[in-house]
Amino acid sequence: MPDLIALARAVVPENKTDADAAFGLPEIEFVEAVTYASADEIVDMLQVLIQEDWMGLPPWARGLAHRIACLQRPGDAALLRAAAHDRSAFYPDGDGITASLLSEADRLDRGGAGA
């Protein structure tokens with residue numbers, strides 16, 4: 001599997017080699033890699049890139065990565081909470097997604113079963 005961290009760095013706007021392409025090969029390669037990456041690989045990549053430059057990775061890439069990791073680990077309250085907090089930094093919660101993620105994380109922390 002390609003190095004997810006390297007592919008993610010390639011979609012950071014200031015690292016792009018083709019400034020005219022809004023969505024080009026680096027983005028396609030990132031989407032393909034993150035789609036099939038494990039939750040551990042995704043979480044590791046996010047931690048590295050966010051530590052390097054908190055604003056560097058575009059919100060669409062962060063959201064996609066968090067979503068795929070959360071789908072792989074639906075019972076991981078810490079991951080759901082991290083995804084919610086990251087999402088809230090970039091998007092207003094008019095659609096309720098952030099609140100839903102936090103609510104599910106709270107339910108899991110209480111040991112609740114069922115939806």
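Biologist: Which residues of the largest nonpolar core touch the most other members?
Modeller: This is a predicted model, and its largest nonpolar core holds 28 residues. Helices H1 (4-10), H2 (25-36), H3 (39-52), H4, H5 and H6 each supply at least two residues of this core. Within this core, the residues that touch the most other members are Leu4, Phe30, Val34, Ile42, Met45 and Leu57.

Biologist: From which helix does the largest share of this core come, and how many residues is that?
Modeller: Six helices, H1, H2, H3, H4, H5 and H6, each bring at least two residues to the core of 28. The largest share is six residues, and the helix from which they come is H3.

Biologist: Leaving aside neighbours within four places in sequence, with which residues is Val34 in contact?
Modeller: Val34 is among the core residues that touch the most other members, and so are Leu4 and Ile42. Once the neighbours within four places in sequence are set aside, the contacts of Val34 are Leu4, Ile42, Leu64, Ala65 and Ile68.

Biologist: Is Cys70 buried or exposed?
Modeller: Cys70 is found in helix H4, and, apart from neighbours within four places in sequence, Cys70 is in contact with Leu79, Leu80 and Ala83. Because the relative accessible area of Cys70 is 7%, and the cut-off is under 20%, Cys70 counts as buried.

Biologist: Which helix gives the most to the lining of the largest pocket?
Modeller: The largest pocket, with a volume of about 210 Å³, is lined by 13 residues, and those nearest its centre are Gly63, His66, Arg67, Arg87 and Leu101. The lining divides into seven nonpolar, two polar and four charged residues. Helices H4 (59-72), H5 (77-88) and H6 each supply at least two of the lining residues, and the helix that gives the most, with six, is H4.

Biologist: How many residues apart in sequence are the parts that Arg9 and Glu52 tie together?
Modeller: A search of the whole structure finds nine salt bridges, and in one of them the side chains of Arg9 and Glu52 meet at 2.2 Å, N to O. Arg9 counts as partly exposed at 31% relative accessibility, and Glu52 likewise counts as partly exposed at 45%. Because Arg9 lies in helix H1 and Glu52 in helix H3, the separation in sequence of the parts that the pair ties together is 43 residues.

Biologist: In which helices do Asp109 and Arg81 lie?
Modeller: The side chains of Asp109 and Arg81 meet in a salt bridge of 3.0 Å, N to O. This pair ties together parts that are 28 residues apart in sequence, because Asp109 and Arg81 lie, respectively, in helices H6 and H5. Arg81 counts as partly exposed, with a relative accessibility of 22%. The helices asked for are therefore H6 for Asp109 and, for Arg81, H5.

Biologist: With which residue does Arg87 form a salt bridge?
Modeller: Arg87 is one of the residues nearest the centre of the largest pocket, and Arg87 counts as buried because its relative accessible area is 19%. Thr98, which lies in helix H6 (residues 97-109) and is buried at 6% relative accessibility, is in contact with Arg87 and Asp93, among others. The closest N and O atoms of the salt bridge are 4.0 Å apart, and the partner of Arg87 is Asp93.

Technical notes
Residues are numbered from 1 along each chain as its sequence is written. This is a predicted model: local features need pLDDT of at least 70, side-chain atom pairs count only at pLDDT 80 or more; totals for chains, interfaces and linings use all residues. Side-chain values use heavy atoms; hydrogens and water are left out. Helices (H or I, at least four residues) and strands (E, at least two) are DSSP runs, numbered from the N terminus. Buried means under 20% relative accessible area, exposed over 50%, partly exposed in between (1.4 Å probe, protein chains only). Contact means heavy atoms within 4.5 Å. On a 1 Å grid over the protein atoms alone, a cavity is a set of points where a 1.4 Å probe fits but cannot get out, and a pocket is an open set with protein on both sides within 12 Å along at least five of seven lines; lining residues have an atom within 4 Å of a point. Grid points are joined across faces, edges and corners, and a volume is the space filled by probe spheres set on the points. Ala, Val, Leu, Ile, Met, Phe, Trp, Tyr, Cys and Pro count as nonpolar, Asp, Glu, Lys and Arg as charged, and the others, Gly among them, as polar. A nonpolar core is a set of buried Ala, Val, Leu, Ile, Met, Phe, Trp, Tyr and Cys residues joined through side-chain atoms within 4.5 Å.
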